[in-house]
Each structure stands twice: as C-alpha cells, then as structure tokens.
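Please open the model in your viewer and keep the selection tool at hand. The tour below moves from stop to stop, saying at each what to select and what is found there.

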Amino acid sequence: MEMQQTPGFVIWLTGMAGAGKTTLANHLGKRFTAAGRPAEVMDGDAPNELLTRGLGNSKEDRDTSVRRLGAVSKMLVRHGAVVVVASLSPFRDPRDAVRREVRRFVEVFVDAPMETLLARDSEGLYRKALAHELTNVAGIDDPYEPPGHAELVVRTDLEKPDAALARLFQKLVDMKYVTPAEFALLTGGQKPRKGAAKPAKAAAAAKGAKPAAAKKKAPAPAPAPAKGKPAAKAKRS
Ligand SMILES: Nc1ncnc2c1ncn2[C@@H]1O[C@H](COP(=O)(O)OP(=O)(O)O)[C@@H](O)[C@H]1O
Ligand SMILES: [Mg+2]
C-alpha cells in the first residue's frame with residue numbers, strides 16, 4: 001500500500017567554477033529542510049562527494065559525473081525528495097539527458113561574468129589555467145555550454161542569494177512543485193504571486209538573459225553560444 005506523498009523534483013545548478021552554485025545549493029538545502037520538505041544536496045564539485053570523487057575534468061569524467069548524479073537524483077525524486085545538485089556540468093547534452101530521465105527537473109544557470117569569476121578565484125583555478133599551468137578548465141581552454149532552456153538564470157554578480165532564492169521559489173510555485181503554503185515557509189512568510197509566470201514569458205526572460213560569460217564575445221546567437229570557446233580565452237590569451 002502506497003502512502004500519498006508530495007512528488008519530488010531536482011534543482012540542477014550548473015555554471016562555471018566560482019559562479020555561486022555551492023552557495024545557492026547550501027541555502028536551498030537548509031530552506032527546504034526547515035520548511036519540512038525532505039531535501040538532499042549533492043555537490044558534484046566538492047572533494048568529499050563520493051559519487052564524483054576521483055573523477056577529473058576530462059569530458060568523459062564530467063559526463064560520468066553528471067550521469068551518476070542524475071541516476072541518484074532520479075532515485076531520490078522517486079521517493080519524494082527535493083534534490084539539489086550543484087555541478088559545473090559544462091556539457092548541454094548530458095544535462096538534457098538527465099532532464100529527460102528525471103522529468104521533474106529545474107535547471108538553474110548560475111552565471112557571472114569572467115571578471116567576477118577571476119576576482120572570486122579563491123583557489124587560483126583560473127589564474128593557473130590562464131598561465132597554462134592547468135588544463136581542462138571550463139570557460140578557459142574547455143567549453144562551458146550554457147543551458148538552452150534553463151528554468152531560471154541567476155546572475156550572481158547582480159543578485160544576492162536571497163533574491164535569487166525568492167525568484168526560484170516563485171518559479172517552483174508556478175510549476176506546481178511547491179505549494180503556496182510551502183512558499184511562505186521557504187520565504188519567511190511571503191506570499192507567491194498569483195498566475196504570474198506565464199510559461200512563455202518566463203522562458204523568454206530566461207532566453208533573453210545573455211550568458212555573462214559569453215557576453216564579451218562576438219554576439220553569438222543566444223541559444224547556441226559558441227560551443228565552448230569562451231570569451232575569457234579570446235580576451236585573455
Ligand atoms: N549571489 C552571490 N553574490 C555574491 N557573491 C556570491 C554569490 N554567490 C556566490 N558568491 C561568492 O562567490 C564565491 C564562489 O561561490 P561558490 O558557491 O563556491 O561557487 P561555485 O560552487 O559555483 O564554484 C564564494 O566566495 C561566494 O561567497
Ligand atoms: Mg562549488
């Protein structure tokens with residue numbers, strides 16, 4: 001006999017190193033737990049994440065990482081969990097494959113311009129990549145393919161985590177993954193907008209938000225930014 005339960009879903013945070021994925025994922029995990037929804041955070045880029053430990057930056061390893069995180073997400077979602085995945089996941093196809101598999105999938109493009117990423121470069125990842133001391137760094141010598149149809153785009157150089165979370169929770173209400181009562185718990189008492197987010201409008205807004213990282217490049221068509229060759233490299237090398 002099966003108990004009635006609220007279906008789960010995945011929030012998949014993708015973006016270049018330093019964009020703010022871990023920060024948002026941790027906030028999300030805490031908020032959902034505090035609001036009474038069972039939540040799991042998986043940080044694919046964290047050294048202590050067992051699922052991705054030992055995998056490197058090659059395309060093959062990155063794809064394996066996304067497949068594993070996707071498979072576990074699917075299992076957890078089946079049991080009603082809110083799954084928050086922070087994963088650089090630079091390639092569009094494997095992300096889209098997880099979307100098709102999981103179905104209840106909310107892709108968040110966590111974005112910031114290269115200047116911001118360089119300023120935040122706490123581990124010296126970009127500095128080393130630009131000095132050719134490190135290879136396979138997404139956005140420098142390897143591609144980062146922004147989502148073509150993200151449910152939400154967050155520019156972390158322009159928006160504080162709290163504001164981004166509020167927009168995400170509204171989106172989740174619009175998608176009916178979160179109830180208005182849960183929205184209130186998630187936001188400390190706020191009410192969601194009613195009948196806002198017409199899907200077409202939201203999608204257009206997401207599309208209209210040009211990837212910051214690709215902005216300094218020759219204006220490529222938004223949905224298909226140059227497979228990979230990021231602005232940073234063109235500008236810096
Ligand atoms: N919305 C934001 N506004 C300002 N700073 C942020 C924001 N999100 C993240 N940061 C800062 O950027 C740095 C990198 O964030 P992090 O979450 O570790 O990125 P990622 O996991 O994408 O590599 C951290 O110092 C963090 O405090
Ligand atoms: Mg991180």
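**Around the ligand**

Begin with ligand 1, whose shell comprises five nonpolar, six polar and four charged residues, where Ala, Val, Leu, Ile, Met, Phe, Trp, Tyr, Cys and Pro count as nonpolar, Asp, Glu, Lys and Arg as charged, and the others, Gly among them, as polar. Before going further, note that this is a predicted model, in which local features need pLDDT of at least 70 and side-chain atom pairs count only at pLDDT 80 or more, while totals for chains, interfaces and linings use all residues. Residues are numbered from 1 along each chain as its sequence is written, and chains are lettered from A and ligands numbered from 1 in the order in which they are written.

Select next Gly20, Lys21, Thr22, Thr23 and Thr156, which come nearest among the 15 residues around ligand 1; a residue counts as near if its C-beta atom, placed from the backbone, lies within 6 Å of the molecule. The element that gives the most to this shell is helix 1 (residues 21–34), with three residues; helices (H or I, at least four residues) and strands (E, at least two) are DSSP runs, numbered from the N terminus.

**Along helix 1**

Stay with helix 1 and select Lys21, Leu24, Ala25, Leu28, Gly29, Arg31 and Phe32, which are buried, that is, with 20 or more other C-beta atoms within 10 Å of their own, whereas 12 or fewer make a residue exposed and counts in between make it partly exposed, C-beta atoms being placed from the backbone. The cover over these buried residues includes strand 1 (9–14), strand 2 (39–43), strand 3 (82–86), strand 4 (105–111), helix 6 and helix 7, with contact taken as C-beta atoms, placed from the backbone, within 7 Å.

Now display the strands: five of them form an open sheet in the order 2-3-1-4-5, with parallel pairing, where two strands pair if DSSP finds at least two bridges between them. At the edges lie strand 2 and strand 5, each of which pairs on one side only, and the twist averages 15 degrees from one strand to the next; axes are lines fitted to C-alpha atoms, for helices over the stretch in contact, and angles run from 0 to 180 degrees between N-to-C directions. Strand 4 and strand 5 run parallel and are joined by four bridges, and Val108 has Leu152 in strand 5 as its bridge partner.

Helix 6, in turn, lies across strand 4 and strand 5 and runs at about 175 degrees to strand 5.

**Three single residues**

In helix 2 (residues 59–78), select Leu76, which counts as partly exposed because it has 19 C-beta neighbours inside 10 Å. Leaving aside residues up to four places away in sequence, Leu76 touches Gly8, Glu40, Ala81 and Val83.

Lys176 is exposed, because 9 other C-beta atoms lie within 10 Å.

Definitions and conventions. Contact = placed C-beta atoms within 7 Å.
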